[in-house]
Amino acid sequence: MLALSRKVNESIVLGNNIEITVLEIKGDQVKIGVSAPKSVPIYRKELYLQIQQSNKEAANEELSPDALNNLF
């Protein structure tokens, strides 16, 4: 893991088209802004992990033939 120090209004750049900027620091919270193309999905980590878990559960579900017919 790379650890960087930044001050308010300073940024880091990922690749050629993603920029992360420190917007505000209040106590133990840091507000950041992310500038990226719309094609790049951006999630908070806890939400991303929930999405992955839901996808795994959905992939493991078995559907009955009647349930499949109801989809169409």
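User: Let's talk charges. Which residues are linked in a network of salt bridges?
Analyst: Glu 24, Lys 26 and Lys 31 are linked that way. Keep in mind that this is a predicted model.

User: OK, so who holds on to whom in there?
Analyst: Glu 24 takes part in both links. Its side chain meets that of Lys 26 in a salt bridge at 3.5 Å, N to O. It also meets the side chain of Lys 31, at 3.6 Å, N to O.

User: Is Lys 26 buried or exposed?
Analyst: Lys 26 counts as exposed, because its relative accessibility is 59% and the cut-off for exposed is over 50%. Glu 24 is partly exposed, with a relative accessible area of 27%. Lys 31 is partly exposed as well, at 47% relative accessibility.

User: How many salt bridges does the count come to?
Analyst: The count comes to four. One of them joins Arg 44 and Glu 46, with the closest N and O atoms 2.8 Å apart. Arg 44 counts as exposed at 55% relative accessibility, while Glu 46 is partly exposed with a relative accessible area of 46%.

User: What do strands of a sheet pair through?
Analyst: In general, strands of a sheet pair through backbone hydrogen bonds, and the pairing can be parallel or antiparallel.

User: And how many bridges join β2 to β3 here?
Analyst: Seven bridges join strand β2 (residues 18-26) to β3, and the two run antiparallel. For instance, Ile 25 has Val 30 in β3 as its bridge partner, and Glu 19 stands opposite Ser 35 in β3.

User: How many join β1 to β2, then?
Analyst: Four bridges do that, again with the strands running antiparallel.

User: What about the turns? How many residues sit between β1 and β2?
Analyst: Three residues lie between β1 and β2, which form a hairpin, and Gly 15 in that turn has a positive phi of about 60 degrees. β2 and β3 form a hairpin too, with two residues between them. In that turn, Gly 27 has a positive phi of about 60 degrees.

User: Which residue has a positive phi although it is not a glycine?
Analyst: Asn 9 does, with a phi of about 75 degrees. Most residues other than glycine have a negative phi. You'll find Asn 9 in the segment before β1, and it counts as exposed at 62% relative accessibility.

User: What is Thr 21 in contact with?
Analyst: Leaving aside neighbours within four places in sequence, Thr 21 is in contact with Asn 9, Glu 10, Ser 11, Lys 31, Ile 32 and Gly 33.

User: Now the surface. Which residues make the nonpolar patch?
Analyst: Val 8, Ile 25, Val 30, Ile 32, Val 34 and Ile 42 make a nonpolar surface patch of about 510 Å².

User: Which strand gives the most to it?
Analyst: Strand β3 (residues 29-35) does, with three residues. Val 30, one of the patch residues, has its place in strand β3.

User: Last one: where is Ile 51?
Analyst: Ile 51 belongs to helix α1 (residues 45-60). Ile 51 is partly exposed, with a relative accessible area of 31%. The C-alpha atoms of Ile 51 and Asn 70 are separated by 25 Å, and these residues are 19 residues apart along the chain.

Conventions:
Residues are numbered from 1 along each chain as its sequence is written. This is a predicted model: local features need pLDDT of at least 70, side-chain atom pairs count only at pLDDT 80 or more; totals for chains, interfaces and linings use all residues. Side-chain values use heavy atoms; hydrogens and water are left out. Patches are made of residues with over 30% relative accessible area and no salt bridge: like charges are joined within 9 Å, nonpolar side chains (Val, Leu, Ile, Met, Phe, Trp, Tyr) within 5 Å. Accessible areas come from the Shrake-Rupley method with a 1.4 Å probe; for residues, only the protein chains shown count as cover. Two strands pair if DSSP finds at least two bridges between them. Contact means heavy atoms within 4.5 Å. Buried means under 20% relative accessible area, exposed over 50%, partly exposed in between (1.4 Å probe, protein chains only).
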